[in-house]
Amino acid sequence: MSNKERKGDEGEQATKKDAAPPKDKSQSKSRMEQIFGFKKEDLSSWHNLVALLNRPTDPASLGIFRCLFGLLMAVDITQERGLSHLDYKYLDGAPVCRFPLFNFLQPLPMDWMYLVYMVMFFGAVGIMLGCFYRLSCLMFISTYWYIFFLDKTAWNNHSYLYGLIGFQLTLMDGNRYWSIDGLRRPSIRNAHVPLWNYTLLRTQIFIVYFIAGIKKLDADWVEGYSMSYLAHHWLFDPFKLILPVELVSLLVVHGGGLILDLTAGYLLFFDVTRPYAFFFVSYFHCMNSQLFSIGMFSYTMLATSPLFCYTDWPRRFFSHFPEFLRGVLPLTSSDVQPSSSCTPPATKSSKLRLKHKLRAIFAIVYILEQLFLPYSHFITQGYNNWTNGLYGYSWDMMVHSRSHQHVKITYKDGKTGEIGYLNPGVFTQSRRWKDHGDMLKQYATCLSQLLPRYNVSDPEIYFDIWVSINERFQQRIFDPRVDIVKADWSPFKANPWLMPLLVDLSPWRAKFMEIEGTLDNQTEIVFIADFPGLHLENYVSEDLGNTSIQVLQGQVNVEVLEEKKNYTLQPGEMMKVPAGAYHKVYTVSEDPSCYMYIYVNTTEAALQENFTKLFELQERIRNGTETEPLPPELQPLAAAEDEVSEVNATDPIVRLFLKRQRRMKEVKKRREAGVLERLERFAVKKYYTIRRGFLMSAIAMRNLVVGLPPLEQLTREVDFANMKAPQSEGNQDERLKDEVGHGEL
């Protein structure tokens, strides 16, 4: 409940009580009523509380939010929900391991999955238009939660939030304002909605902000380890003019994010602070839209902010538009119809109906449940790993960052004892199984069912997964000695084969920064921690011609397999390991060992040196200072800048150099493009993405109705759907990063 909802007089005042009050009217209110929008007496009894939650309220703000939410969900379905690449995800007949919440949930055949998505899409459009509102909400949430539960690997906080808001709107009177239902049924057009409609949505958004802030009180966030890489993004360049990048990370990224999440809900609630909240919240979400690939989340949160304003704000806003537009714009009249969903204005003497009490109970229970769920992980212990839960309903957004250094999957034939290895991620399109024990169990079970097709009987599956969380040591997350196929797992019991996070070694992170600061640009370093009795088997690529191990804590034995020799290392000692060969590092101390690999990619260093020489030669050629004749393999360097092409180069180094030069030029051109060109590029990309989704949906609907066409026709139709924009060459930035040794460009 907000300070916008003020109890008014009987009769006509009931329709105006949620409008921005005149100054003289505001001054006649008690201090509590001015601040919170209700009186102390409204909470003095169950009768008064029910009357308050069902108080008649202007439907305008809720109607605008309903329209915006439906629009954003319609766009989201084509993108983050996956309509545009649905055939890649649910390809019929492909051996794929999936990760549903309940193992009995399985995807329908591909054409039917397109039908599910179409039902969800038209449900979202119906919500946006307020057309057959209840049916549209049911169409949307039933298919949305089915798809949500079908794939845990796609879970995140904002996808969960979309489902919650869709569920809430199903129970609300969101079609009372600016809706097709209002045109079809004049009795509900511009009719009051009960206050609990707003209370539920506002409280939900408050919980999202506030609990996200509570979760950011985690030591890793406060100390600046969770998202330190963000400070290098160009969005923070203005802050780097006055602060070093380390302080930008600590104060702006982490400190600013913590303060905003803790205070945003409060600042939006009160009239005095709301303008400041709008500025900071809008700035925050606009930045997030550029920093992260989070689909419509930033825009959805922007759409929720006006819910905290006076509920009649759309009437006052659209009243400033020209008269000739009034026919298509939302109503600006303040004459709101009474509604049976609300209590009558004179609530003290009136008898409350059962539906009013049930709705009040629902609102209270729902809010309590939402406050409890983020801290309910002591019940569902099987889903807890180093972090609690499935990263969905906890609102711990961006609190943890992970990097994976080493993943090995070993299988053992249960009958012959033969041992083999699988490519990490085989038979699946996701990578999140590496961090969640419940998904690892599902993955191992699926692999055990698929491997017999490849003559592996009764397979045992072992995982050796090394993870660093929030810039700690790389360490094992699951016990590599446990056969996960036969391992016990329960959603209500702690995972027995989860290795503990070595939090006692967290202070080493400060030392990491000191060590990394002493290295040159060509030297890389990886910090490892391991448990007593375990060992790391590692292969050093031939490209890494200068690799050494140095012990930081504990004691290790290094076995070089080719030499058949063992070397014992104490803290501070170092040894070089041969390239192009395997070695094993055994932890022999009673406590966990800590060591680091220091290496130089000699192949990359030589390539970079050659590039530097070629660039200097090219510059001398272009400015006319090069006097020596060029050999044939270097002739392409003499071409004019606009005519340079790697196609004519015969030397592989020269070809790679020219290819890189061309791509760097393309990247520079894209980055220096004007606003209109960027918008055009963005619009074209989205057009072809959405176009593919709907064309493939049309093909699927045709297949369901009349059956499959001849293969040649189906191939032509899919090729037409896959058509790209003219001269579209993909994301040049990403292609350039993929070029070996030049990710920094």
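**Stop 1: a nonpolar patch**

Start by selecting helix α17, residues 354-372, which gives the most to the nonpolar patch, with seven residues. Keep in mind as you go that this is a predicted model. To see the whole patch, show Trp46, Leu354, Leu358, Ile361, Ile364, Val365, Leu368 and Leu371 as a surface. Together these residues have about 750 Å² of accessible area.

Now zoom in on leucine 358, which sits in helix α17. Is leucine 358 buried, partly exposed or exposed? With a relative accessible area of 49%, leucine 358 is partly exposed, because exposed residues need over 50%.

**Stop 2**

Next, color His356, Ala360, Ala363, Tyr366, Ile367 and Gln370, which are buried in α17. They cover an arc of only 130° around the axis, so they lie on the same side of α17. What covers these buried residues? Show α3 (46-53), α8 and α10 (195-215), which are among the elements covering them. Then turn to the face of α17 that points away from the buried side, where you will find the exposed residues Leu354 and Leu368. Both of these also belong to the nonpolar patch.

**Stop 3: two positive phi angles**

Select tryptophan 178, in the loop between α8 (157-171) and α9 (180-184). Its phi is positive, about 50°, although tryptophan 178 is not a glycine. Tryptophan 178 is partly exposed, with a relative accessible area of 38%.

Then jump to asparagine 455, in the loop between α18 (437-450) and β5 (460-469). Here too phi is positive in a residue other than glycine, with a value near 65°. Is asparagine 455 buried or exposed? Asparagine 455 is exposed, at a relative accessible area of 69%.

**Stop 4: lysine 240**

Finish at lysine 240, in helix α12, residues 237-240. At 27% relative accessibility, lysine 240 counts as partly exposed, because buried would mean under 20%. Which residues does lysine 240 touch, leaving aside its neighbours within four places in sequence? Show Ala231, His232, His233, Val245 and Val248, and you will have the contacts of lysine 240 on screen.

Note on methods: Residues numbered from 1 in each chain as written. Predicted model: local features only at pLDDT ≥ 70, side-chain atom pairs only at ≥ 80, totals over all residues. Heavy atoms only, no water. Patch = residues over 30% accessible without salt bridge, like charges linked within 9 Å, V, L, I, M, F, W, Y side chains within 5 Å. Areas by Shrake-Rupley, 256 points an atom, 1.4 Å probe, with all protein chains shown as cover. Salt bridge = Lys/Arg side-chain N within 4 Å of Asp/Glu carboxyl O. Helix = DSSP H or I, 4+ residues; strand = E, 2+ residues; numbered from the N terminus. Buried < 20%, exposed > 50% of the residue type's maximum accessible area, 1.4 Å probe, protein only. Arc of directions from axis to C-beta. Contact = heavy atoms within 4.5 Å.
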